[in-house]
Amino acid sequence: MTISVAMTVNGKAVSGKVEARTLLVQFLREHLGMTGTHVGCDTSQCGACVVHVDGKSVKSCTILAVQAEGSKVTTIEGLAASPDKLHPMQEAFRENHALQCGFCTPGMVMSAIDMVKRHNYQLDEATVRRELEGNLCRCTGYHNIVKAILAAAPAMKSAGV
Amino acid sequence: MYDFSYHRPKSVADAVGLLKSKPEARAMSGGMTLIPTLKQRLARPSDVVDLGGVKELAGIKVEGNNVVIGGMTRHADVASSAEVKASIPALAYLAGHIGDPQVRNRGTMGGSVANNDPAADYPGAVVALNATVTTNTGKHAADSFFKGLFETALADGELITSISFPKAEKAAYMKFPNPASRYAMVGVFVAKTASGVRVAVTGAGACVFRVKAMEDALAKNFTSAAIKDIKIPADGLNSDIHGSAEYRAHLVGVMARRAVDAANK
């Protein structure tokens, strides 16, 4: 079954024809060519595919593109204010060396931003570690990821994002 | 995933109409179980009826002594609800420990209860709190709703519209999560409500079940000491790569005692 789908991705109106079974991550990567969102496990465990749908973090490998009809989607490509100004969370990941191979990073960053906002910019280490349970880093680089998120929370607050 | 026809009705009546007119149709709420099932080709529905557009199904309200939660209410919304936290904090705790944050942003209470996965968390709360499951056709008491492995009292074309949870005097949920999937290896929900003390176990058997011996002991003396000598028979409990039936039987006792201690705090 072919369906027309329309949504806003990173502030831009997009549309396309998809099959009912097309996943949101396939629509982003294969239809829109936005390959910043990764597919890791494809079984909703690893979190490499996390994007925001209407402001909430979701695993884009476990939502159909048609379910996001009319929604506002934000991906890793939509975070930086300009090509030379990273989002505070991206900047904190860079500063804290919070990535090794980088495969899990887009999902980590998207989950982390949702986490910071959900906790009203107030996080402690135990909370960050618990809330990261839906994101796997197979380089096991969690320590610096946690440091980066703790550093980004106040930076996001002062930047107003 | 095999392809299917997709529908996004706006009302319960339209959703039920679609489900009844297509014999191979499946309803989808959050999709956190259905989409992985479709990906593995373990199901092949002709039609998927997405309940995401049915606004009347989502929401939380307090009605007298009950907290009434719409079938399409997401786990994250139950976990963060001021009403649920104030009335039945154990239920908010349970919802906040399902899966991971991204799953909680999509998964729904109605979907979880209708699916009745043996390791799902919500069935424990429904049975222990003696909740009432309301559907488009009627009401089900908790004790007669869960029938067995992935089996419920729901008929074809019957959708959970809301679940009404009586407020508890004391309640707590403790689970031993599988370290990888976060599903309950064993979860025990203990509740003291107007209808008495109930102990409901999920994850351990084919389906949620009550432990009468613990309920009787706790009715007389609501302390973990009162149930410390009660042994759960391993017969018929789940046994898999994650744990034997004997291990799960032991965990039921441990989780029940922790739940009673938490409820008394």
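Let me begin with D54 of chain A, which counts as partly exposed because it has 14 C-beta neighbours inside 10 Å, a number that falls between the limits of 12 or fewer for exposed and 20 or more for buried. Please bear in mind throughout that this is a predicted model. D54(A) sits in the loop between β3 and β4 of chain A. Its phi is near 50 degrees, a positive value in a residue other than glycine.

I turn now to the domains of chain A. Domain 1 covers residues 2-76, and domain 2 covers residues 88-159. Their C-alpha centres lie 22 Å apart. To the contact, domain 1 of chain A gives 15 residues and domain 2 of chain A gives 11 residues. On the domain 1 side, β3 (50-53) and β4 (56-59) of chain A each supply at least two residues. Which element has the largest share of that side? That is β3(A), with three residues. By residue class, the side of domain 1 of chain A that touches domain 2 of chain A divides into six nonpolar, eight polar and one charged.

Still in chain A, there is a helix pair to consider. Helix α2, residues 88-95, packs against helix α5, residues 142-159, at an angle of about 145 degrees, and the two axes are 8 Å apart. The crossing of α2(A) past α5(A) is right-handed.

Let us move to chain B. Its secondary structure comes to 10 helices and 14 strands. The radius of gyration of chain B is 18 Å, close to the 18 Å that the globule rule gives for 265 residues, so chain B is as compact as a globular protein of that length. Along the principal axes, the C-alpha trace of chain B spans about 55 × 45 × 30 Å. Of the 265 residues in chain B, 52% count as buried.

Chain B is divided into domain 1, residues 1-54, and domain 2, residues 170-263. The C-alpha centres of these two domains of chain B lie 34 Å apart.

Finally, the interface between the chains. How many residues of chain B are in contact with chain A? There are 19, and they touch 22 residues of chain A. On the chain B side, β1 (5-7), α2 (34-39), β3 (47-50) and α6 (101-106) each supply at least two residues. The largest share of that side, five residues, comes from α6(B). The residues of chain B that touch chain A comprise nine nonpolar, five polar and five charged.

Note on methods
Residues are numbered from 1 along each chain as its sequence is written. Chains are lettered from A and ligands numbered from 1 in the order in which they are written. This is a predicted model: local features need pLDDT of at least 70, side-chain atom pairs count only at pLDDT 80 or more; totals for chains, interfaces and linings use all residues. Two residues are in contact if their C-beta atoms, placed from the backbone, lie within 7 Å. Helices (H or I, at least four residues) and strands (E, at least two) are DSSP runs, numbered from the N terminus. Ala, Val, Leu, Ile, Met, Phe, Trp, Tyr, Cys and Pro count as nonpolar, Asp, Glu, Lys and Arg as charged, and the others, Gly among them, as polar. Axes are lines fitted to C-alpha atoms, for helices over the stretch in contact, and angles run from 0 to 180 degrees between N-to-C directions. A crossing is left-handed if the near helix is turned anticlockwise from the far one by less than a right angle, and right-handed if clockwise. Domain bounds come from an automatic or database domain assignment. The radius of gyration is taken over C-alpha atoms; the globule rule is 2.2 Å times the number of residues to the power 0.38.
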